[in-house]
Each structure stands twice: as C-alpha cells, then as structure tokens.
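This briefing is meant to be read beside the sequence and the coordinates. Please keep both in view while going through the points below.

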Amino acid sequence: MTIPIVQSACSVNPVSGRPELTLVSEEQENKLGAEEAKKVEAQMGLLDNDPFSAYLTQLGKRLAEQSPRQSVAYQFHLVDMEEPNAFALPGGYVYVTRGLLALTNSEDELAGVVGHEIGHVAARHSVQSISKRGPFAAVFGIVSGVTGLVSPLVGNIVGGIGDLTQSLIFSPYSRSQENEADEVGQGIAAKAGWDPVALSTFLSNLEREVELYQGKPRRPSFFDSHPPTPERVRKTSVHATTLTRAPRAPISATKDSYLARLDGLVIGQRAANGILMDQQFLQPDLNFLFELPDKWKVENTPQMLIAAASDGEGALLLRTVAEGQDPLDGARTLQKTTKSDILSRTQRFQIGDLPAARTHLKADSQTELDLTWIAHGGLIYQIAGLAPARRFESMKPVLDSTVNSFRPLTATERDNITEKRIRLVKAQTGETIEAVATRSRSAWKPEEIAVANGLKASAPLVQGQTLKIAVTEPYAPRPVR
C-alpha cells in the first residue's frame, strides 16, 4: 500500500527518549498495521482456536504492561507456519509461529522473543524503515512475473498475489534496531518477572538449528530478519546481568508444565491444510488429490495453492470459488466479478467422474490462461493455468495433465496421511539422546532432538528428564463431504 506523506512532525521516541522526525502519524501506523494484519491472517493463517493461543495472549499482555509505549493496543497471535519465526507489525500486532514454539524450552525463552517483538513496536522500527520484502517472494515473484498483474481479469483470477511482497513483515532490521529491541525486550521480560538471559539462550539455540538445516530449501525464518550472530548472543547475555528480575511467579509453574503446553503441537506440514508429497498435493478434509508438475515451486496458503515453473514461464493456481454442484457456477462467479463474457465461451466436460468446465482466455497481449472449474464435494474449484503468450502452446500439455489429475482420494490414500507432532518422553536411567530416539521411534534424528531441546548431542541425560521428540501419527480427517 502507499502511505500518504503528511507534513513532517517531530516527536519523542518512547524508547530512546530522543526527538525524531516522523512522516507517518500514529493513526496512519495503526491503519497500516491493521491492513497488514488482514493479509497475515488470509495468506498465512492463524491458530487462534489453539489452546496455546490463549496462553500466548496471557503472556503477551503481561509483557505489554511493561512496554515503554502504551499508546497502542498490543495483540498476540499464533501463526500456522512451520518455519521458526516471530514478527511484529505497526500498531502492536505480534506474531509467533508454531515452528518457533517447537524450539522453545521454557516460558522465559518465549517471553524473551515476544518481549523483543514488543520492543520493535515500542521503538516504531517498522515505521522508521518502511522497506518491503514479502515472505513468499520466491514464488509470488514468479507468478507476478508471468502475469504482470496488468490485466484486471488476471488480477481477479490470481486474487492479489504479491500483496505480501509489499508488506513489512520480513523486512530485516538494522543492527542498531535489533540491538535496541533486544535491550528493550530483555528489560520488559525482567520487569514482568522472567529471566532476561533466556533470550540469549534461545538465540544461541536458533543458530544451531539454522546450521543443522543449512542448504535445505525453506521459507524465511526468524534467522533471516533477526540474525543471531555470536556477537549478538554475547551482548544480550551481558546486558541480562545488568537487569533486575521482578519477583513474580511465572504462568507455567515449572519447565515441565511449559513443555506440556507444547505436547501435540504439529511440526512440519499440517494435514488439515493439505500436504505435499512428491509433487502430489493431498487434501484429506476436502478429499482430493492434485498432481503438480515436476520441479515446480509450490506454496500452499489458506487462500490458494500456487505452483510456479522454476524459470518463471508458467504457473498454476488452485482455489475454491463457489459452493454448489454445477461447475459453470465458477464461470458465472468470475463473469459477474469481471463483467466480461466468459460463460458463453465455457464448455462442459468430465474429469474422471467429476463434472467440470473450462475456457481459454487471452488476458492481455502478453498472457494467456486456461481456466477450469471442477465440482466436487459441494464446492467449485477453480484451476488457473497461466503462461506467457509466446510459451503457452508448449506449456499447455503440462497444464492439461495437471488439471486432469484432480480426483478424490482413495480410502487407502486418506488412511495413509500422517503428520508429525511434538510428544514428550522421560529419559530412563543411563540413556543417551540416541537411545531415547530409538526407543521412542522419534521422527527426529538424535541431532535434531538435541537442538530442539537445547542440549548437546552427547549430553548425559538424567532419569526422568523430559524431552521433546517428534512422532509421526495418523491424521484423522473430517468426514468426507
């Protein structure tokens, strides 16, 4: 979005206490945050109904009471994202991903991370450096490159892809901003009754996690926008010694009671969102399978499934557009929205036993697309296949093959869908991490268990010591519609 520039004003920063030139008023900051928050919910997904979410809010509000900036209404959300991340938006929106929770081992560590994000909001860091880099730029950039988003028709079909490439979410902060948020966050945590050194502990462990998975493809994580350098770990450790921790009882009485809150947390892909297995997308709750082109990049968001050719010369987008049994309802919906004659150029056909309809459009001088609507389970699915006009004919067999792969899951396929969840185990006398991994049939390797628990792989375990492991469990999908 474009932020209107108002007459320059000078205000006092609530963190530094120094005068600063501001081009964005607090009212505009709150508006920007509210708009970006809608995008986070729509394009990432929130887990506000998860039991942990209420606990996160309780912890966050206690921290926010100690913020040097009280003119914003802080709110806290759990994000349905497997990568470890935490971020904040202007106006007091603070987010923690389920992937980050998996790496925490105490309430103090979580308080340190949330306090750090409150520090960014308090110091107005996002407003100071309104730079834009979206979380899914690798995929969205490809789709945007294919369509150019110059045609209103194409813009409607892709549904505003690229919005988050204009967001503030994963813009890296400057070193001075990070240091300031660290110090403010540690101070907030200490005043609220948590151990300020826990932020250093978490950053150090996060660095180990990044090293463990170095070279593997992943979406942006906390490491990208908050690099846990050894110098930063050292500084936060030293700063913690200068702070006095308030004598307040934690929300979780013990470490084990905190870890119990993580029991059952899904790590990796969450089956309720659909899972990608060897370029097959399986959605157990909606009961369908969709095969994607080999080596195409895939992004699964709450709004749609996106696949893009690695060379940027093609893309596929799958989403629901209507309820009903008639696939032409999809064409009618688009025709009504775009006010263009689509229905008369749409033909019915079958994909297996499923009723379908399709049309071909020249969206503009540079882009062509095939649109297919499929009726299944009381919903109308729209598959848009896009490619540059000069490449469309050569790309069409790939697009057609993918569209024709859409089908209901077999009973065996549904039964075989699994997901990984955190479970807790107690170490037995004389056990090593490797022995625990073997006994518990952990989906994590010993080195992954060590990192997730903030331990050295060779660390001796104490009898009764609680460890987080990952367990592969069958998914129980909702009844087939």
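What follows covers a pocket, the cavities, a sheet and a helix.

This is a predicted model, in which local features need pLDDT of at least 70 and side-chain atom pairs count only at pLDDT 80 or more, whereas totals for chains, interfaces and linings use all residues. Residues are numbered from 1 along each chain as its sequence is written, and side-chain values use heavy atoms, with hydrogens and water left out.

**Second largest pocket**

- The second largest pocket has a volume of about 240 Å³, a pocket being, on a 1 Å grid over the protein atoms alone, an open set of points with protein on both sides within 12 Å along at least five of seven lines.
- Of the 14 residues that line this pocket (those with an atom within 4 Å of a point), the closest to its centre are Asp 50, Gly 264, Leu 265, Val 266 and Arg 421.
- Helix 2 (51–64), helix 3 (98–101) and helix 12 (255–262) each supply at least two residues of the lining, where helices are DSSP runs of H or I with at least four residues and strands are runs of E with at least two, numbered from the N terminus.
- By class, the lining divides into seven nonpolar, one polar and six charged residues; Ala, Val, Leu, Ile, Met, Phe, Trp, Tyr, Cys and Pro count as nonpolar, Asp, Glu, Lys and Arg as charged, and the others, Gly among them, as polar.

**Cavities**

- A search of the whole structure finds four cavities of 30 Å³ or more, a cavity being a set of grid points where a 1.4 Å probe fits but cannot get out.
- The largest cavity, with a volume of about 50 Å³, has a lining that includes Glu 29, His 120, Arg 124 and Tyr 173.
- Helix 5 (125–128) is among the elements that supply at least two residues of this lining, and helix 5 gives the most, with three residues.

- Strands in the order 7-8-9 form an open sheet with antiparallel pairing, and strand 7 (275–277) and strand 9 (288–291) are its edges, each pairing on one side only.
- Strand 8 (residues 280–283) pairs with strand 9 over four bridges, where pairing requires at least two DSSP bridges between two strands.
- Phe 281 has Phe 290 in strand 9 as its bridge partner.

**Helix 13**

- In helix 13 (residues 328–338), Leu 328, Gly 330, Ala 331 and Leu 334 are buried, that is, under 20% relative accessible area with a 1.4 Å probe and protein chains only.
- Seen down the axis of helix 13, the buried residues fall within an arc of 150°, so they line one face of the helix; the arc is that of the directions from the helix axis to the C-beta atoms.
- Just after helix 13, Lys 339 takes a positive phi of about 55°.

Technical notes: Points joined across faces, edges and corners; volume = space filled by probe spheres on them. Buried < 20%, exposed > 50% of the residue type's maximum accessible area, 1.4 Å probe, protein only.
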